[in-house]
Amino acid sequence: QETPIHDHTVWGVIGMLRGAETTQRYFIGTDGVPAPAGSEARLTPGHVEFVSPTLGDIHKVKNAFNDRVSISIHAYGANIGKVRRHVFPAEGGAPKEFISGYANADA
């Protein structure tokens, strides 16, 4: 399980509940190619990660294990199921817009 390089466009807090994930932050170079920003980090239960346009909003996340599920809890400063976000091709080029797919519960 692995995400593409993506942004959030709003603040977010990610708390690791079970298993482990690795996360790599990126910046977009002047040539449009994503480049690592710092070292890859490993999140284990109890660790908290923050994202925002001011702190660093572009990253890639993957499950640290090949044989089990890892669970993290995400809270965002907007309804992430309606926010227009971007995927950044690793080789560069125009970012692709997307909206996270999940179902909102009816009130």
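**Close-up views of a predicted model**

**Figure 1. Eight residues around the largest cavity.** The lining of the largest cavity is made up of Ile 14, Glu 21, Thr 23, Leu 43, Glu 49, His 59, Val 61 and His 74. Two strands, β2 (21-28) and β6 (59-63), each give two or more residues to that lining. Sort the lining residues by type and you get three nonpolar, three polar and two charged. As for size, the largest cavity comes out at about 40 Å³. Counting cavities of 30 Å³ or more gives one. Keep in mind that this is a predicted model.

**Figure 2. The largest pocket and what surrounds it.** Here we turn to a pocket with a volume of about 350 Å³, the largest in the model. Its lining has 21 residues, and those closest to the centre of the pocket are Thr 3, His 6, Glu 21, Val 61 and His 74. Strands β6, β7 (71-76) and β8 (85-87) are the elements that each supply two or more lining residues. The top contributor is β6, with four residues.

**Figure 3. A closer look at Gln 24.** This residue, Gln 24, sits in strand β2. Is Gln 24 buried or exposed? Gln 24 has a relative accessible area of 11%, so it counts as buried, the cut-off being under 20%. A polar atom of the Gln 24 side chain lies 3.1 Å from the backbone oxygen of Gly 38. Setting aside neighbours within four places in sequence, Gln 24 is in contact with Pro 36, Ala 37, Gly 38, Ser 39, Glu 40, Ile 58, His 59 and Lys 60. One of these contacts, His 59, also turns up in the lining of the largest cavity.

**Figure 4. Stepping back to the whole chain.** After the close-ups, here is the setting they belong to. How does the radius of gyration fit a compact globule, and what is its value? For 107 residues, such a globule would have a radius of gyration near 13 Å, and the protein has 14 Å, which agrees. Along the principal axes, the C-alpha atoms fill a box of roughly 40 × 35 × 25 Å. Of the 107 residues, 34% count as buried. Finally, take the contacts between residues at least 6 apart in sequence: 69% of them join residues at least 24 apart.

Note on methods
Residues are numbered from 1 along each chain as its sequence is written. This is a predicted model: local features need pLDDT of at least 70, side-chain atom pairs count only at pLDDT 80 or more; totals for chains, interfaces and linings use all residues. Side-chain values use heavy atoms; hydrogens and water are left out. On a 1 Å grid over the protein atoms alone, a cavity is a set of points where a 1.4 Å probe fits but cannot get out, and a pocket is an open set with protein on both sides within 12 Å along at least five of seven lines; lining residues have an atom within 4 Å of a point. Grid points are joined across faces, edges and corners, and a volume is the space filled by probe spheres set on the points. Ala, Val, Leu, Ile, Met, Phe, Trp, Tyr, Cys and Pro count as nonpolar, Asp, Glu, Lys and Arg as charged, and the others, Gly among them, as polar. Buried means under 20% relative accessible area, exposed over 50%, partly exposed in between (1.4 Å probe, protein chains only). A polar contact is a pair of N or O atoms within 3.5 Å; within protein, one must be able to donate a hydrogen and the other to accept it, and residues adjacent in sequence count only if both atoms are side-chain atoms. Contact means heavy atoms within 4.5 Å. The radius of gyration is taken over C-alpha atoms; the globule rule is 2.2 Å times the number of residues to the power 0.38.
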